[in-house]
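User: Hi! Could you walk me through the aromatic contacts in this one, and then the surface?

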Amino acid sequence: MADVFISYKRAERARVDRIAQLLRGEELDVWFDARLDVGSGEGFDAEIEREVTSAACVLVCWTQEALKSVYVRAEAMKGLERDVLHPVFLERCNLPVPFNAIDTADLCSWNGKSDAPDWQRLVASVRARVDKSKADDKQRRAHSQAAYDRIPDHIFPGTLTILARRIAAIRERDAEDYHGDIMALLSWLESIAEKEARHTAYGYDLADRQCGGDAWRWWDRGGAAARSSEISCVRDALLRVEAALARSQELLDLPAP
């Protein structure tokens with residue numbers, strides 16, 4: 001996800017481009033749709049939705065024209081609902097409820113320079129918002145892991161260990177008795193593989209669109225290569241399973257001796 005998602009009216013693109021440039025200079029990962037034109041391609045709305053619902057900070061640039069934009073208002077509401085909204089005035093305007101209750105930074109008279117006091121204040125507050133959002137996300141992940149760890153018997157790998165013992169204990173000629181176990185395991189494995197494939201596709205797309213972001217750094221620092229090596233081990237194991245099943249099926253398909 002991006003550190004900062006910028007919402008704005010296109011008439012202010014030049015000023016917003018300068019804001020994005022300087023934020024990136026502060027080593028913040030910034031997304032805004034300067035390279036996109038409405039309706040130019042399939043998936044435009046989906047990309048906006050994905051970015052505004054995952055960014056650590058939604059920076060809304062308010063102007064008179066931005067107030068008239070249903071898109072800017074919708075993106076601002078997304079940021080407000082997620083408690084990551086960080087609004088800024090590019091020109092003075094009367095904000096409607098509920099946005100008038102949010103502390104809004106002032107860049108109305110900003111000269112575009114990085115050493116301007118009003119810009120320095122904005123950078124500090126944006127970075128604080130990003131840091132808080134990331135800390136909250138880390139805490140949510142920790143709570144999720146704790147909830148998983150509290151599950152009795154540790155379903156995986158605990159249940160898998162139990163199934164392995166069942167298979168080891170049963171007589172060889174009663175193999176059909178654990179057919180249900182095999183199908184349940186394969187169904188679980190298929191669902192995990194599909195989930196990882198979707199996650200990997202999303203991560204690669206994110207790395208491609210946001211050079212320097214978290215996803216890109218994971219690829220660049222070898223995380224993807226390490227996971228690929230682990231998947232190779234899994235696929236090798238599945239090939240051994242396939243070979244063993246093929247030997248059984250080859251004999252089962254023979255006519256009675």
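Analyst: Happy to. First, a working definition: rings of Phe, Tyr and Trp (its six-membered ring) pair if their centres lie within 6.5 Å, and planes over 60 degrees apart count as edge-to-face. Keep in mind that this is a predicted model.

User: Which helices do Tyr204 and Trp219 lie in?

Analyst: Tyr204 belongs to helix H7, and Trp219 to helix H8 (residues 214-220), so their contact ties together parts that are 15 residues apart in sequence.

User: And is Trp219 buried or partly exposed?

Analyst: Trp219 is partly exposed, because its relative accessible area is 29%, and buried would mean under 20%.

User: What does Trp218 pair with?

Analyst: Trp218 forms an edge-to-face pair with Trp219, at 5.3 Å centre to centre and 85 degrees between the planes. Trp218 counts as partly exposed too, at 43% relative accessibility. Together, Tyr204, Trp218 and Trp219 make one aromatic cluster.

User: Nice. Switching to the surface: which residues form a nonpolar patch?

Analyst: Ile182, Met183 and Leu186 do, and together they have about 240 Å² of accessible area.

User: Where is Met183 placed?

Analyst: Met183 sits in helix H7, which covers residues 179-209. With a relative accessible area of 43%, Met183 is partly exposed; that value is over the 30% a patch residue needs.

How values were computed
Residues are numbered from 1 along each chain as its sequence is written. This is a predicted model: local features need pLDDT of at least 70, side-chain atom pairs count only at pLDDT 80 or more; totals for chains, interfaces and linings use all residues. Side-chain values use heavy atoms; hydrogens and water are left out. Patches are made of residues with over 30% relative accessible area and no salt bridge: like charges are joined within 9 Å, nonpolar side chains (Val, Leu, Ile, Met, Phe, Trp, Tyr) within 5 Å. Accessible areas come from the Shrake-Rupley method with a 1.4 Å probe; for residues, only the protein chains shown count as cover. A salt bridge is a side-chain nitrogen of Lys or Arg within 4 Å of a carboxyl oxygen of Asp or Glu. Helices (H or I, at least four residues) and strands (E, at least two) are DSSP runs, numbered from the N terminus. Buried means under 20% relative accessible area, exposed over 50%, partly exposed in between (1.4 Å probe, protein chains only). Rings of Phe, Tyr and Trp (its six-membered ring) pair if their centres lie within 6.5 Å; planes under 30 degrees apart count as stacked, over 60 as edge-to-face and the rest as tilted.
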